[in-house]
Amino acid sequence: MSIREPQQPAGTESPQGLDSPVKIALVLYPGFTALDIIGPFQVLAYIPGHEAVFVAAEAGPFTDDTGRCQLIASTSLDKLTAPDVVIIGGSLFTREPDQPVVQWLRQVHPTTTWTTSVCTGSIYLAAAGILDGQDATTHWAWAEQLERHGAHYTEQRVVERGKVITAAGVSSGIDMALTLLGRMYGPQLAEGVQLAIEYDPQPPFDTGSTSKAPAEIVEFVRSQLNTLAAPTPLAGH
């Protein structure tokens, strides 16, 4: 059975012996959040048969939202028209989604096997009409913006709706990618990768969600994020 069929029973498939590489498009744009995209890349890139490609409106380096980290898009959106898997991360900046990326998502989604997002990447999916009326998640501080684009925000770390998987803020991209591996090949491979990257979260503080953090910390972080998000990133890369 082909891994291109997302409804297959989990637990029996293997990535070995694929007829063709699984093309995984990791989307970049100016001001992306580095961990949003690097977390899933680390989980998925070493799997045999996976071709993980950084893609953007045009090939070349793109700088993250700190202004201090660059990733290089090896190809452009117009040259990658039929990815099997799409992963789009978010950004600290609150500007509207880049329209070339939104248009590309709208075009490729009908033929993807999986369309996924991390953090405010789900706002890109919503802007493309992919999440209309659907439950989805994003970073908690941008929940209202997600809903303004037609999705229904839910405070879950990973939300699966058919072939669309959305993940909450930043670090949850690792959870999303492991979930995706489990759906593609079954739990054993995903469990092995989790062990290989030693993903065994034991946070020193229990403040990782708004339902756990004290109200004063939530408001402080919200104000800090709003301050950081206010500047507009430089045009171009």
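## A guided look at the fold

F54 counts as buried because its relative accessibility is 12%, where buried means under 20% relative accessible area, exposed over 50% and partly exposed in between (1.4 Å probe, protein chains only). Before going on, please keep in mind that this is a predicted model, in which local features need pLDDT of at least 70, side-chain atom pairs count only at pLDDT 80 or more, and totals for chains, interfaces and linings use all residues. Residues are numbered from 1 along each chain as its sequence is written, and side-chain values use heavy atoms, with hydrogens and water left out.

What does F54 pair with? F54 and F41 form a tilted aromatic pair, with 5.1 Å from centre to centre and 35 degrees between the planes. Rings of Phe, Tyr and Trp (its six-membered ring) pair if their centres lie within 6.5 Å; planes under 30 degrees apart count as stacked, over 60 as edge-to-face and the rest as tilted. By this rule there are 2 aromatic pairs. F41 sits in helix α1 (residues 34–44) and F54 in strand β2, 13 residues apart, and the pair links distant parts of the chain. F41 counts as partly exposed, because its relative accessibility is 25%.

The protein chain has 7 helices and 11 strands; helices (H or I, at least four residues) and strands (E, at least two) are DSSP runs, numbered from the N terminus. Of its 237 residues, 50% count as buried.

**The sheet.** An open sheet is built from 7 strands in the order β5-β2-β1-β6-β7-β11-β10, with mixed pairing. Two strands pair if DSSP finds at least two bridges between them. At the edges are β5 (75–76) and β10 (158–161), each pairing on one side only.

| Strand pair | Sense | Bridges |
|---|---|---|
| β6 (residues 85–88) and β7 (residues 114–118) | parallel | 4 bridges |
| β7 and β11 | parallel | 4 bridges |
| β10 and β11 | antiparallel | 4 bridges |

V85 stands opposite W114 in β7, V118 has A167 in β11 as its bridge partner, and V159 is bridged to T166 in β11. β10 and β11 form a hairpin with 2 residues between them, and G162 in the turn has a positive phi of about 65 degrees.

Which way do the side chains of β11 point? V164 and T166 point one way from β11, I165 and A167 point the other way, and all are buried. In a regular strand the side chains alternate between the two faces of the sheet.

**Around the β7 end.** Two residues of the loop between β7 and α3 deserve a look. C119 is found in that loop and has a positive phi near 55 degrees, although C119 is a residue other than glycine. C119 is buried, because its relative accessible area is 3%. T120 lies in the loop between β7 and α3 (121–127) and counts as buried because its relative accessibility is 7%. Leaving aside neighbours within four places in sequence, T120 is in contact (heavy atoms within 4.5 Å) with G90, S91, T138, H139 and W142.

V170 lies in the loop between β11 and α5. V170 is not a glycine, yet has a positive phi of about 40 degrees, and counts as partly exposed because its relative accessibility is 27%.

On a 1 Å grid over the protein atoms alone, a cavity is a set of points where a 1.4 Å probe fits but cannot get out, and a pocket is an open set with protein on both sides within 12 Å along at least five of seven lines; lining residues have an atom within 4 Å of a point. Grid points are joined across faces, edges and corners, and a volume is the space filled by probe spheres set on the points.

The largest pocket holds about 810 Å³ of space. Its lining counts 29 residues, of which R157, S171, T207, G208 and S209 lie nearest its centre. Helix α7 (residues 215–229) gives the most to this lining, with 3 residues.

There are also 2 cavities of 30 Å³ or more, and the largest cavity has a volume of about 120 Å³. T120 is one of the residues lining the largest cavity, and the others include Y29, F93, Y124 and W142.
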